Amino acid sequence: MEAVEHHTVDDDAKAQYLTFRLGEEEYAINILSVREIKSWGPVTPLPQSPPYMLGVINLRGAIVPVVDLRRRFGLPDLEVCPTTTVVIVSAEGETSNGKVVGLVVDHVSEVYHLADDQIQHSADISSEIDSTFIHGLAKTDERLVILLNLDRVVSSSIGSEPVVSHD
Amino acid sequence: MDDNELDELKGIFLDECRENVDILEQGLLQLGQGNDDHELLNEVFRAAHSIKGGGATFGFDLLAELTHHMETLLDEMRSDKRPVNENDLELLLESVDIVRELMEARGDSDHPDRIAMQERLESSVLQGPGASTNSSASGDSNATDAIPAAPPAGYTVQFTPKPELLERGNDPLLLLKELEKLGSLKVVIDDATIPPWDSFDPKQAYLSWTATLEGDCSRAAIEEIFEWIEFDCTLVITEIAAQISEQPTVVTQSSEAPGPSVADESPAADATETPAGATAAEAPAAKDATTPAKPPAKKAAASEARSQGEGSSIRISTEKIDQLINLVGELVITQSMLNRISADGSRLDTDELRDRLTDLDRNTRELQESIMRVRMLPLATGFNRLPRLVRDLSRKLEKKVELIVDGGDTEIDKTVLERMMDPLVHLVRNALDHGLEEPQARQDAGKPETGQLRLNAYHQSGSVIIEISDDGRGINRDVVLNKARERGIVGPDDVLTDDQINKLIFAPGFSTAKEVSDVSGRGVGMDVVRRNIIDLGGHVDIQSEPGSGTTIIIRLPLTLAILNGQLVSVAGQTFVVPLLSIVETIEISHSRRTKLPRGTEVFEFRDAYVPLIRLSERFNLPNTGEGALIVVIENHGQLTGLVIDHVLGQQQAVIKSLDDNYRSIKGIAGATIMSDGSVALILDPAAFFSGTGNYREASENQDEAA
């Protein structure tokens with residue numbers, strides 16, 4: 001949660017968000033957390049890992065785990081296709097600090113500029129996915145995008161649960 | 001300065017502090033061995049002084065307070081006011097231990113013995129060099145020095161900066177202004193040393209001052225002003241006698257005083273030098289000359305190459321960095337050559353391309369080797385701890401020991417070094433406690449009274465060998481064998497070779513100490529040492545000759561970052577098995593397997609039943625594969641068979657940790673990157689052992705395998 005807010009308050013201008021699609025819905029993460037975007041490639045499966053943990057890849061010498069976001073969010077599986085993308089993010093939360101993780105998404109769509117007041121923080125947003133993964137909602141050009149709580153997504157996926165704080 | 005910056009500075013200070021504590025400790029030990037070189041004393045003093053100064057600056061007040069008391073005692077030694085004696089050194093060494101603990105607590109908590117230690121140091125200073133022989137004159141003067149009969153009317157301060165004072169950013173004028181705050185000040189300037197105009201260098205300090213300070217202030221207050229530049233100037237503080245007759249204080253230079261005479265460097269000391277035993281009243285004026293501080297000539301030399309291996313930082317020689325820069329330079333050249341070749345689109349010169357790729361290959365390999373070398377530290381960083389240990393232990397055990405260390409410059413990976421120290425300390429303790437005899441017993445055996453403990457380190461075919469040998473009584477094989485029989489480690493009818501009996505001391509639960517002593521034999525024995533060394537990918541061996549000594553030979557890998565791996569495939573996935581742990585690979589069709597009632601599968605291997613683990617099941621791999629081969633692996637003397645499909649090639653694997661970005665997984669030691677860029681998982685042999693098993697059978701097997 002800190003990760004996203006941190007970049008919006010220090011600056012009156014709008015923060016940039018990268019959005020991607022999982023099925024019909026569009027999700028956004030702060031662009032400063034994004035390390036790079038890769039096309040889908042083979043992963044080395046890890047034993048004793050949950051189904052959404054697809055395995056590890058070699059990112060220029062670093063071993064990076066890859067999370068299938070569809071499976072993580074409990075959405076139906078989708079066949080890998082040419083647009084399937086791995087978004088490499090670096091989480092900045094307290095528990096996931098500095099961890100680099102790949103997130104598999106259907107495809108990357110756009111970069112939005114969002115001001116803080118465009119973001120609606122609400123504890124009970126009804127959505128297909130677990131609300132603890134959601135940081136807020138934002139309306140842009142008649143579209144609704146879901147801002148993800150990246151720290152929560154990452155830290156819950158790699159095994160160390162964050163201390164959930166409601167502020 | 002924000003908190004982060006301050007924390008960073010504190011970290012640097014603590015790093016330096018560790019270095020200084022080491023210098024202090026080693027210096028004190030050398031002093032104890034009769035080396036009373038003045039430069040050594042100065043070095044020790046400077047180390048204490050730096051800890052004190054830094055401690056006060058960064059808010060480690062307890063540390064500063066204790067080192068202040070140590071410094072006072074050292075200062076007296078340094079200025080020949082007291083001879084170097086055993087009691088003081090012992091006191092100082094004990095203080096060093098407390099300093100170390102205070103330091104590691106980062107000033108958060110006090111040490112229970114600190115106050116008591118300060119009082120002991122203080123009373124030692126007050127008492128003067130009690131038991132020493134030449135105490136008559138210096139003892140008296142010390143007493144008067146410490147308890148002046150009446151406060152002096154003032155001081156004359158002779159302040160002669162070294163030429164480089166200004167270059168270090170100090171301003172004499174500010175110092176004199178500070179001095180003025182202490183009382184009424186008259187300053188006489190001495191400009192006699194100013195050179196002719198054409199050879200005048202404005203960056204050098206030529207002037208000196210004689211200041212007369214009248215007022216009620218302490219000598220310490222004056223010294224404090226000049227504290228930070230005491231190595232950059234010559235400072236002579238002289239008391240001005242008060243009108244009332246008083247007991248004058250004198251630095252008496254005893255003729256028996258050890259070390260080179262201070263008078264050589266100090267013109268003022270000449271005036272005060274009186275023969276031992278003469279009364280101080282003969283001195284021309286009531287004077288007390290502080291010894292001028294010596295130039296910091298060897299300061300740099302003192303701190304060289306004494307990096308401490310325990311901090312998170314690492315000190316790298318510039319030579320190593322230069323080498324890296326050269327290699328990177330070559331890499332850049334090779335890359336631009338490759339660019340040129342590929343840019344020429346019309347025709348591709350494959351010969352040249354191949355040549356350049358060969359260059360690239362060599363560059364990359366050299367770069368990898370050099371980078372690995374950056375993590376290497378000389379063994380001396382660890383060995384330096386041992387003289388103190390040996391000294392303390394030999395006293396406690398009342399044995400005479402000479403420690404000889406060879407090959408301290410042998411380099412080894414920092415992590416290996418750190419994890420090797422505990423076993424090494426244990427082995428040194430053992431050698432002293434069990435190996436070496438008491439002086440009387442040695443004499444009876446016709447050996448010199450002083451035993452020898454020898455540490456020898458060297459490189460051999462990609463490993464580091466450390467030998468710890470003593471010339472003590474050796475291993476008593478009868479006792480060892482009987483004990484092993486008693487404990488059921490060896491069967492009553494087994495016949496063992498001498499070598500096998502020696503190795504029994506590494507068996508779990510084996511301790512030959514007749515009684516549990518403070519030094520060793522506290523239940524954890526040589527088996528822990530052996531396990532620790534094997535965990536590091538090393539190997540330990542023992543040679544012993546009854547009556548003439550024991551040698552323990554440790555073989556360690558140069559680095560933990562690379563392991564020799566056997567590639568195997570299981571259900572289509574490639575895994576790396578550490579080559580060191582593989583005993584043998586056998587075909588499953590030739591093995592005699594049995595299912596135990598609990599469901600565990602075992603197979604017969606060298607007259608023992610060994611549990612069998614099917615990797616594809618253990619790792620829940622999607623297709624179970626053929627399972628055609630059994631890789632027999634060994635860990636702490638136990639065996640296990642892993643069922644795999646195929647044996648692929650062997651490869652040196654650079655170990656990458658999984659928990660950098662994920663978390664550790666049971667059974668997986670890490671990951672490595674294969675030549676095609678894909679990731680392969682490295683198996684952790686230790687995870688396949690449940691901890692049960694028969695040591696006896698396994699140890700026999702392991703000996704055959706070795």
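**Exercise 1. Determine how many helices and strands make up the secondary structure of chain B, and then describe the chain as a whole.**

Solution. In this predicted model, the secondary structure of chain B consists of 21 helices and 22 strands. The next step is to look at burial: chain B has 706 residues, and 46% of them are buried. Finally, among contacts in chain B with a separation of 6 or more, 70% are between residues 24 or more positions apart.

**Exercise 2. Locate Ile314(B) in chain B, and decide whether it counts as buried, partly exposed or exposed.**

Solution. Begin with the position: Ile314(B) sits in the loop that runs between α10 (299-303) and α11 (318-343) of chain B. Its relative accessibility is 34%, and because partly exposed covers the range between under 20% (buried) and over 50% (exposed), Ile314(B) counts as partly exposed.

**Exercise 3. Work out where Thr84(A) lies, whether it is buried or exposed, and which residues it touches.**

Solution. Thr84(A) belongs to the loop between α2 (69-72) and β6 (85-90) of chain A. Its relative accessible area is 8%, and since buried means under 20%, Thr84(A) is buried. Leaving aside residues up to four places away in sequence, Thr84(A) touches Ser39(A), Trp40(A), Glu79(A), Val104(A), Val105(A) and Asp106(A).

How values were computed. Residues numbered from 1 in each chain as written. Chains lettered and ligands numbered in written order. Predicted model: local features only at pLDDT ≥ 70, side-chain atom pairs only at ≥ 80, totals over all residues. Heavy atoms only, no water. Helix = DSSP H or I, 4+ residues; strand = E, 2+ residues; numbered from the N terminus. Buried < 20%, exposed > 50% of the residue type's maximum accessible area, 1.4 Å probe, protein only. Contact = heavy atoms within 4.5 Å.
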